[in-house]
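Subject: Handing over a structure, with notes

Dear colleague,

I am passing a structure on to you, and I would be grateful if you kept it open while you read. My notes on what was found in it follow directly below.

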Amino acid sequence: MFFPYSVIEQLTDEQVRTWNRHYAPSGAHERDRRYEDGIWRRTQEKANAEQSGWSQDSQGRRRIVHYRNQYDLDYTFPVPRLVLANLYLYHSVLAPAAEIDAYLAQIDAWLAQGRWKKKDNGTWWKGDLRVTITQYDEHPQDERADRDTPPGFRSVDICFITDEFEVPRTVRQLPWNVLAGGMRVKEQRGEPTVAEDLSDLLGHMPFMVELGCGSSIEAGVPPLHFLHEVYRVTERQDNTLTQSHQFTMRPKDDTLIEEMLTDATAKAEQLTAMFKVAFEAEPTRAHQVLKDLHDAGHFVGPVIQHNFDLLAARAGLPECFVRRYDQKIPPVPFDERAKAILVVGLHADRRAVQARARALGLKVFFVDPEGLMENGEFKPYPIEGAREGDVVVHAGAIEALTRLKQLIDERDRQPVSVNS
């Protein structure tokens with residue numbers, strides 16, 4: 001595989017301006033937006049038996065996937081193009097020794113099929129990409145953390161990286177820091193009030209906004225669980241969300257490494273798909289309404305952002321990006337004027353901001369359908385973070401925010417009564 005790898009062959013002038021304004025390193029953002037990264041750590045425990053395959057006789061497997069891809073503009077050709085400039089993909093698996101031996105035999109076959117050239121110290125190369133394969137009886141990270149290796153288990157680390165791409169040690173350490181945080185504990189949903197619209201928010205203005213992937217999905221960006229399929233985190237292959245997908249735990253079930261070793265160039269199209277679609281997406285009516293409300297002073301502070309598509313920023317809104325791995329609970333600049341927080345399309349484990357908002361006395365409003373259509377049937381997908389005293393509006397971002405603006409406009413047009 002050769003780099004840079006072309007993602008969009010020809011950019012428009014507007015796309016180049018978007019890149020230079022929002023993605024190019026200029027100190028304007030709290031993180032370098034040229035980078036896309038993700039971490040999954042899957043462990044086999046009693047608490048997640050349904051998805052991990054845990055049983056009394058089958059336990060202790062572990063799989064970690066960490067990627068960090070760098071994008072850039074390339075002017076080698078007469079027209080600028082968006083490229084994947086550098087790739088880093090780290091994969092670690094812990095399993096019974098017999099499974100590891102079989103896995104290593106498969107890896108040897110895939111290396112041969114992919115025509116990789118062997119170098120020293122367990123490293124192979126092909127084009128501008130190299131891969132290092134390292135076996136451990138006891139993983140150094142387990143030794144460092146004083147974690148026991150299950151009897152009869154071994155580890156294999158596989159790392160793909162482009163030549164001369166430097167990944168700092170602090171970044172390489174991130175998946176192990178995430179692992180040390182333990183398994184995510186699912187919260188029990190409370191009993192919020194379900195409302196038809198955001199009328200009650202008019203009594204709690206100005207408000208702040210926290211965005212999940214709901215508004216991005218409306219812009220055509222795939223939900224984040226799309227990446228579970230790309231990186232083979234689960235057995236998900238049908239674009240469904242609500243059904244329980246088993247974790248990829250056994251080395252023999254893991255096709256990610258096979259795909260990378262046998263044809264990394266073909267796999268690259270999947271690896272870059274999310275960034276490509278996010279870059280090509282445009283802010284929706286929901287983002288435009290938020291900009292209008294921010295300009296009018298009804299919405300204050302930055303958008304507390306979990307998405308890496310920069311759609312809110314591209315609509316002209318300030319952002320505070322909180323989906324990151326280097327800080328367990330990133331700081332959020334709560335505006336002292338805010339009386340509420342409006343959470344749009346946010347699920348699962350992103351609950352820390354809402355908890356801190358409640359502690360500050362802010363009322364919490366959610367906009368979320370709490371379900372989706374799958375195969376012609378509506379499947380519930382409840383918000384974990386909703387609590388007693390919160391308000392939930394079952395609607396999409398565009399519908400709910402457009403209606404909110406109408407409600408505010410109607411209120412502002414009402415004549416002001418003056419007592420004589």
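The helices (H or I, at least four residues) and strands (E, at least two) named in this email are DSSP runs, numbered from the N terminus. The model is a predicted one, in which local features need pLDDT of at least 70 and side-chain atom pairs count only at pLDDT 80 or more, while totals for chains, interfaces and linings use all residues. Residues are numbered from 1 along each chain as its sequence is written, and side-chain values use heavy atoms, with hydrogens and water left out.

Let me begin with backbone geometry. Most residues other than glycine have a negative phi, and most peptide bonds are trans. Arg 115, in the loop between α3 and β6 (117-118), has a positive phi near 60° although this residue is not a glycine. Arg 115 is also exposed, with a relative accessible area of 63%; here exposed means over 50% relative accessible area, buried under 20%, and partly exposed in between (1.4 Å probe, protein chains only). Asp 146, likewise a residue other than glycine, has a positive phi near 60°; its place is in the loop between α4 (140-145) and β9 (153-162), and with a relative accessible area of 68% Asp 146 is exposed.

Next comes helix α11 (residues 285-295), whose buried residues are Ala 286, His 287, Val 289, Leu 290 and Leu 293. Because these residues cover an arc of only 160° around the axis, they are on the same side of α11, the arc being that of the directions from the helix axis to the C-beta atoms. At the N-terminal end, Thr 284 caps α11, with a side-chain oxygen 3.1 Å from the backbone nitrogen of Ala 286. Such a polar contact is a pair of N or O atoms within 3.5 Å; within protein, one must be able to donate a hydrogen and the other to accept it, and residues adjacent in sequence count only if both atoms are side-chain atoms. Just after α11, Gly 297 takes a positive phi of about 85°.

How do α11 and α14 lie relative to each other, and at roughly what angle do they cross? Their axes come within 8 Å and cross at roughly 30°, the axes being lines fitted to C-alpha atoms, for helices over the stretch in contact, with angles that run from 0 to 180 degrees between N-to-C directions. The two helices α11 and α14 are therefore roughly parallel to each other, a description used for angles under 35 degrees, with those over 145 counted as roughly antiparallel, 65 to 115 as roughly perpendicular and the rest as oblique. Among the residues that meet here are Val 289 and Leu 293 in α11, and Leu 401 and Ile 408 in α14.

Helix α13 (residues 352-359) has Val 353, Gln 354 and Ala 357 as its buried residues. They cover an arc of only 95° around the axis, which puts them on the same side of α13. Among the elements that cover them are β11, β12, β14 (340-344) and β15 (363-367), and α13 is followed by Gly 361, whose phi is positive, near 90°.

Finally, Met 274 has its place in helix α10 (residues 273-280) and counts as buried at 1% relative accessibility. Leaving out residues up to four places away in sequence, Met 274 touches Glu 36, Val 221, Pro 222, Pro 223, Leu 224, Phe 226, Leu 227 and Phe 308. Of these, Leu 224 is 50 residues from Met 274 in sequence and 8.6 Å away in space, C-alpha to C-alpha.

With kind regards

Methods: Contact = heavy atoms within 4.5 Å.
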